[in-house]
Amino acid sequence: MTGVPASAAGGPSGAQGARGTAAAADGVASEVSGSASAPGTAVPGRSASGGESAADATAEGRPARGGKITAAAVNQASVWNVANLLTMLRLVLVPGFVALMLADGGYDPAWRSLAWAAFAIAMITDLFDGHLARTYNLVTDFGKIADPIADKAIMGAALICLSSLGDLPWWVTIVILGRELGITLMRFLVIRYGVIPASRGGKLKTLTQGVAVGMYVLALTGWLASLRFWVMAAAVVLTVATGLDYVRQAIVLRRQGIAERAAALEEREA
């Protein structure tokens, strides 16, 4: 008996202990280096964001840790994206459109043509901003709120200006704006049960409204002035018809939601 431990004597258990100690030291060093690395500095076995690299995880046949966090950070679109900038442009165009529409008493053909150009730009950007946001994953909370506000603002401004100038009966303006505001409010009320998607009729209504209001903004005469009356009549009919259809969808959606909640509650109690 020499009193010397087996690990110091270089026996098998000593080799295993040495290897275990070295592995533990390496693990501590890796953790320290991973924590102390500057942001954006890649660490072996880890991605630049601090999670495992996708290649390492794939090689081991398992998903990378931190991959979901990295993807979520990448998918968070900036407020200053193309879709939101187009929405902001529409909001800025509203006071400019009103100023052009009412310039020189509101009946000068030149000013009305410029007002129509502003209205047309607003309608065109309305077609593109939503498509860009959905296609390129640029949907933001700001866009969800600002986009419908911009739509209602430019259409409402045009209708109110036309009615105040005597070019369009007030009842037409009240019907269209009442329907738009009412359906928007109804969507928020039933959002807990689900989302009411935009129908083809609703899209056709929006297009018809834009064409009709644009024709009224221009100082048209002759047969074009008669044509715009019928286009506006079609827009009013579509406005009322699609509004009633959305109300029907909201009632059905609410009933289904209540029934599903009741069934889930009964199942939970059972």
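Of the 270 residues in the chain, 31% are buried (under 20% relative accessible area with a 1.4 Å probe, protein chains only; exposed is over 50%, and partly exposed lies in between). The model is predicted, so local features need pLDDT of at least 70 and side-chain atom pairs count only at pLDDT 80 or more, while totals for chains, interfaces and linings use all residues. Residues are numbered from 1 along each chain as its sequence is written, and side-chain values use heavy atoms, with hydrogens and water left out.

The accessible surface of the chain is about 16700 Å² (Shrake-Rupley method, 1.4 Å probe; for residues, only the protein chains shown count as cover). Carbon and sulfur atoms hold 68% of that surface. The chain contains nine helices and zero strands (DSSP runs numbered from the N terminus: H or I of at least four residues for helices, E of at least two for strands). Among contacts (heavy atoms within 4.5 Å) with a separation of 6 or more, 65% join residues 24 or more positions apart.

Helix α7 spans residues 170–189. The axes of α7 and α9 come within 10 Å and cross at roughly 25° (axes are lines fitted to C-alpha atoms, for helices over the stretch in contact; angles run from 0 to 180 degrees between N-to-C directions). The two helices are therefore roughly parallel (under 35 degrees; over 145 is roughly antiparallel, 65 to 115 roughly perpendicular, and the rest oblique). Their crossing is left-handed (the near helix is turned anticlockwise from the far one by less than a right angle; clockwise is right-handed). Residues in this contact include Val175, Arg179 and Ile183 of α7 and Thr239, Thr242 and Tyr246 of α9.

Helix α6 (residues 141–164) packs on α7 at about 160°, with the axes 9 Å apart. This angle makes α6 roughly antiparallel to α7. The crossing of α6 and α7 is also left-handed. The contact includes Gly156, Leu159 and Ile160 of α6, and Thr173, Ile176 and Leu177 of α7.

Thr242 lies in helix α9 (residues 223–269). Thr242 is buried, because its relative accessible area is 7%. The side chain of Thr242 makes a polar contact of 2.8 Å with the side chain of Arg179 (N or O atoms within 3.5 Å; within protein, one able to donate a hydrogen and the other to accept it, and residues adjacent in sequence count only if both atoms are side-chain atoms). The Thr242 side chain also reaches the backbone oxygen of Leu238, at 2.6 Å. Beyond neighbours within four places in sequence, Thr242 is in contact with Arg179, Gly201, Gly202 and Lys205.
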